[in-house]
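User: I am new to reading protein models. Please take me through the main features one at a time.

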Amino acid sequence: MRHLYLGVAVAALIAPIAVHAQETSASLRGTVVSATGAPVANASVTIVHTPSGTTVSQTTDAGGGFNATGLRLGGPYQLEVTAGGFEPASQLIDGLSAGAPARVTVALAEEGQAITVTASRQRSSITIASGPATVLTQREIQGIATVNRDIRNLVVRNPLVSLDPTNGQGAISIAGTNNRFNRFSVDGVQFGDPFGLEAGGLASARGPVPLDAIGELTVEIAPVDIQQGQFTGGAINAQLLSGGNRFTATGFYTYSGNGMRGKVTDGQRFDAPFKSYNFGVQATGPIIKDKLFFAATWERLRNFTPATVQPETIGVSQAQIDRVSAIAQSTY
């Protein structure tokens, strides 16, 4: 009997108000103008991440522009703009993603007049400057069915991604390139397979972090960005989930074994005992309300599968195999 332990992953994230890295945060750029189109300088711009209460405040420059970087992924965001002699403007933004900044134009009317706010979101999938990409938010990830909780089930949502079932666990090919030419990173830190030992191109059988720990997943093909590099196929980046002002806790447990499947096929009996346990927990919440948060996720997979080669066929005894296994567990 061979004991296989896979998928042990722990992910934790403590998120302050701003983290200045394009792959782990979002940005919002905008211009504040008057009703006649003239730029409004020294206007006060407040951006509030409503789930957590984190706030970023800026003042427009001489051209009426502002550029808020290091924003938390997701949303929604509440945008408030005020300026002397003008009516205040307010707009709810559904959410922000990593990569290309969202762009907003705010038109302020003079006091006593109507207020007009227009907004547009720049998506990398339709913008030549960023290249084609697929962005999956936390809610979209939760809605994707997956039996084995493999991150490949998320990546394949991109129409240019294909999985090769004959190559290990299913090699990820992006735009027809070899799976070893891709780059996989978590919060900008690479978690690929630099030695080429995994046929799937990842550092482990199912991915470096649990699916529940992912706040956003992006798959980019040929992005035009000087911060992207070290790949010729595609760039896969997972951003870890952060907490909010509410404490949450979740858990799950799954089991599978030979007793849950048939044993006779075409009149032949198969006796291959196996067991598979998969369980995990997650906790999120605030450390300092509206400022500092935590998110911790733990998952473990335990598989007990029969060996494909019997000890006698390779000239060793079961006792020798048990001794090697005991030394590996106790010493290493």
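Predicted model: local features only at pLDDT ≥ 70, side-chain atom pairs only at ≥ 80, totals over all residues.

User: How many helices and strands does the protein chain have?

Analyst: Helices (H or I, at least four residues) and strands (E, at least two) are DSSP runs, numbered from the N terminus. The protein chain here has 3 helices and 21 strands.

User: What share of the residues is buried?

Analyst: Buried means under 20% relative accessible area, exposed means over 50%, and partly exposed lies in between, using a 1.4 Å probe and protein chains only. Of the 332 residues in the protein chain, 40% are buried.

User: How do I read contacts along the chain?

Analyst: A contact means heavy atoms within 4.5 Å. Take the contacts between residues at least 6 apart in sequence: 64% of them join residues at least 24 apart.

User: Which residues does Thr284 touch?

Analyst: Leaving out residues up to four places away in sequence, Thr284 touches Leu241, Gly243, Arg246, Phe247, Thr248, Phe294 and Ala295. Thr284 lies in strand β20 (residues 275–288) and counts as buried, because its relative accessibility is 8%. A polar contact is a pair of N or O atoms within 3.5 Å; within protein, one must be able to donate a hydrogen and the other to accept it, and residues adjacent in sequence count only if both atoms are side-chain atoms. The side chains of Thr284 and Thr248 make such a contact, at 2.3 Å.

User: What should I look for in backbone angles?

Analyst: Most residues other than glycine have a negative phi, and most peptide bonds are trans. In this model, Asp290 has a positive phi near 70° and sits in the loop between β20 and β21 (292–305). Phi of Arg149 is also positive, near 55°. The peptide bond from Gly75 to Pro76 is cis, with omega near 5°; Pro76 is in the loop between β5 (65–71) and β6 (77–82).

User: How many salt bridges are there?

Analyst: Side chains of opposite charge can pair when their charged atoms come close. A salt bridge is a side-chain nitrogen of Lys or Arg within 4 Å of a carboxyl oxygen of Asp or Glu. By this rule there are 3 salt bridges. One of them joins Asp150 and Arg152, whose closest N and O atoms are 2.9 Å apart.

User: Which residues are linked in a network of salt bridges?

Analyst: The network links Arg149, Asp212 and Glu299. Asp212 and Arg149 meet at 3.1 Å, N to O. This pair links distant parts of the chain, with Asp212 in the loop between β14 (189–190) and β15 (214–220) and Arg149 in the loop between α1 and α2, 63 residues apart. Arg149 and Glu299 also meet at 3.1 Å, N to O; here the partners are 150 residues apart, and Glu299 is in strand β21. Glu299 is buried because its relative accessibility is 3%, and Arg149 is buried at 17%.

User: Is Met260 buried or exposed?

Analyst: Met260 is exposed, because its relative accessible area is 57%. Met260 is in the loop between β17 (248–257) and β18 (264–265).

Technical notes
Residues numbered from 1 in each chain as written. Heavy atoms only, no water.
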